[in-house]
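Student: Could you take one part of this model and go through it closely, in a single connected account?

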Amino acid sequence: PEAVHALALMQVAGRGTDRDMEAAAERFQWLVDRKGDEYPNAIFMLGVMKLKGEGLDRDFAGALPLIRRAANLGLGTAQTQLAMLDQTAASYYQQHADPYLDGVPMSSVGDVDG
């Protein structure tokens, strides 16, 4: 597993081998599938690759749980990335919120009786 992790990181960076994001994604996925939470960096890297669409199809819905999982395992880089994603989402919501809902408590949204 250590060698697989090291090779995947080398492939992402293009150090000592050709840069190959697809092969790196496969190796990170292999680690996540077989070693679970033992490699939080592999979990995080797979999440970031899905987020950016590097080596994999872009998949925000699939990326976020991986990044959150790595953050919950104590990986500082993942915790920082998760905070940035949360901040970006909050900013996006503020800019694109439905103006008809301004001042309406979120608890009443969808309430057909009230």
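**A helix and its surroundings**

Tutor: In this predicted model, helix α3 is followed by G53, a residue whose phi is positive, near 75 degrees. The helix itself, residues 40-52, has 13 residues and reaches 18 Å from its first C-alpha to its last, which is close to the 18 Å expected at 1.5 Å a residue. Of those 13 residues, 10 are buried, so α3 is largely enclosed by the rest of the structure; the buried ones are A42, I43, F44, M45, L46, G47, V48, M49, K50 and L51.

Leaving aside residues up to four places away in sequence, A42 touches H5, F28, L31 and V32. With V32 in particular, the separation is 10 residues in sequence, while the two C-alpha atoms are 6.7 Å apart in space.

Next comes the loop between α2 (21-35) and α3, where D37 lies. The structure holds 1 salt bridge, in which the side chains of D37 and R69 meet at 2.8 Å, N to O. Because R69 lies in helix α4 (residues 60-72) and D37 in that loop, the pair ties together parts that are 32 residues apart in sequence. Both partners count as partly exposed, R69 at 28% relative accessibility and D37 at 43%.

Terms used. Residues numbered from 1 in each chain as written. Predicted model: local features only at pLDDT ≥ 70, side-chain atom pairs only at ≥ 80, totals over all residues. Heavy atoms only, no water. Helix = DSSP H or I, 4+ residues; strand = E, 2+ residues; numbered from the N terminus. Contact = heavy atoms within 4.5 Å. Expected span 1.5 Å × (residues − 1). Buried < 20%, exposed > 50% of the residue type's maximum accessible area, 1.4 Å probe, protein only. Salt bridge = Lys/Arg side-chain N within 4 Å of Asp/Glu carboxyl O.
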